[in-house]
Amino acid sequence: MTKKITKIIPAKGYVILKPLETQKLASGIELGTNDKDMPQMGVVFKIGKPPKDGYPIDLKEGDTAVYQKYMTNKTYIAQFDTDFDFISFQNIVAVIPKENE
């Protein structure tokens, strides 16, 4: 019998994101992520422990992170029924705080 996963913790210095196709801000601006030249975006699902020097930007669960394309390990986790992007924190180039959306 397979155990159901109820908790997932990323490795030190890594972030787990739920990838987004588009993001609509409160201002009405819609940011798309399907253009091949655009960076990727995802909602922060879990944050690993910080490396020794800490994280260079403030990031919280629920925020939207913009990260470098091709710098992710995409993984499907059946118990959560979704794809996740596992990325190193250093590949995040910007954050859209949840309260700004």
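Me: Which residues does K49 touch, not counting residues up to four places away in sequence?

Reply: K49 touches K12, G13 and Y55 on that count. A contact here needs heavy atoms within 4.5 Å. Keep in mind that this is a predicted model.

Me: Where does K49 lie, and is K49 buried or exposed?

Reply: K49 belongs to the loop between strand 4 (40–47) and strand 5. To judge exposure, take the relative accessible area: over 50% counts as exposed. K49 has 65%, so K49 is exposed. Distance in space is a separate matter from distance in sequence. K49 and V15 are 34 residues apart along the chain, with their C-alpha atoms 9.2 Å apart.

Me: Where is A26 found, and what is its relative accessible area?

Reply: Look in the loop between strand 2 (22–24) and strand 3 (30–32). The relative accessible area of A26 is 65%, which means that A26 is exposed. A26 and E99 are 73 residues apart in sequence, while 9.7 Å separates their C-alpha atoms.

Me: How much of the protein chain counts as buried?

Reply: Buried means under 20% relative accessible area. Of the 101 residues, 33% count as buried. The chain exposes about 6800 Å², and carbon and sulfur atoms supply 52% of that area.

Me: Which residues form the largest nonpolar core?

Reply: The general idea comes first. In soluble globular proteins, nonpolar side chains tend to be buried together. Here the largest nonpolar core has nine residues: V15, L17, V44, L59, A65, Y67, I87, F89 and I92. Strand 1 (14–19) and strand 5 (64–67) are the elements that give two or more residues to this core. A second, separate core has five residues, including I8, F45, I77 and F84.

Me: Y67 is in that largest core. With which side chain does the side chain of Y67 make a polar contact?

Reply: For a polar contact, look for a pair of N or O atoms within 3.5 Å. The side chain of Y67 makes one with the side chain of D85, at 2.3 Å. Y67 lies in strand 5, and D85 lies in strand 7 (residues 82–88). Y67 is buried, with a relative accessible area of 0%; D85 is buried too, also at 0%. As for Q90, its C-alpha atom is 8.9 Å from that of Y67, and the two residues are 23 apart along the chain.

Me: How many aromatic pairs does the structure hold, and what do I check in one?

Reply: The structure holds one aromatic pair. Check the distance between ring centres and the angle between planes. F45 and F84 are 4.8 Å apart, centre to centre, with 40° between the planes, and the pair is tilted. F45 is in strand 4 and F84 in strand 7, so the pair ties together parts that are 39 residues apart in sequence. Both F45 and F84 are buried.

Me: What sits over the ring of F45?

Reply: The charged end of K46 does, 6.0 Å from the centre of that ring.

Terms used:
Residues numbered from 1 in each chain as written. Predicted model: local features only at pLDDT ≥ 70, side-chain atom pairs only at ≥ 80, totals over all residues. Heavy atoms only, no water. Core = buried A, V, L, I, M, F, W, Y, C linked by side-chain atoms within 4.5 Å. Buried < 20%, exposed > 50% of the residue type's maximum accessible area, 1.4 Å probe, protein only. Helix = DSSP H or I, 4+ residues; strand = E, 2+ residues; numbered from the N terminus. Areas by Shrake-Rupley, 256 points an atom, 1.4 Å probe, with all protein chains shown as cover. Phe/Tyr/Trp six-rings, centres within 6.5 Å; stacked < 30°, edge-to-face > 60°. Lys NZ or Arg CZ within 6 Å of the ring centre and 35° of its normal. Polar contact = N/O pair within 3.5 Å; in protein donor to acceptor, adjacent residues only side chain to side chain.
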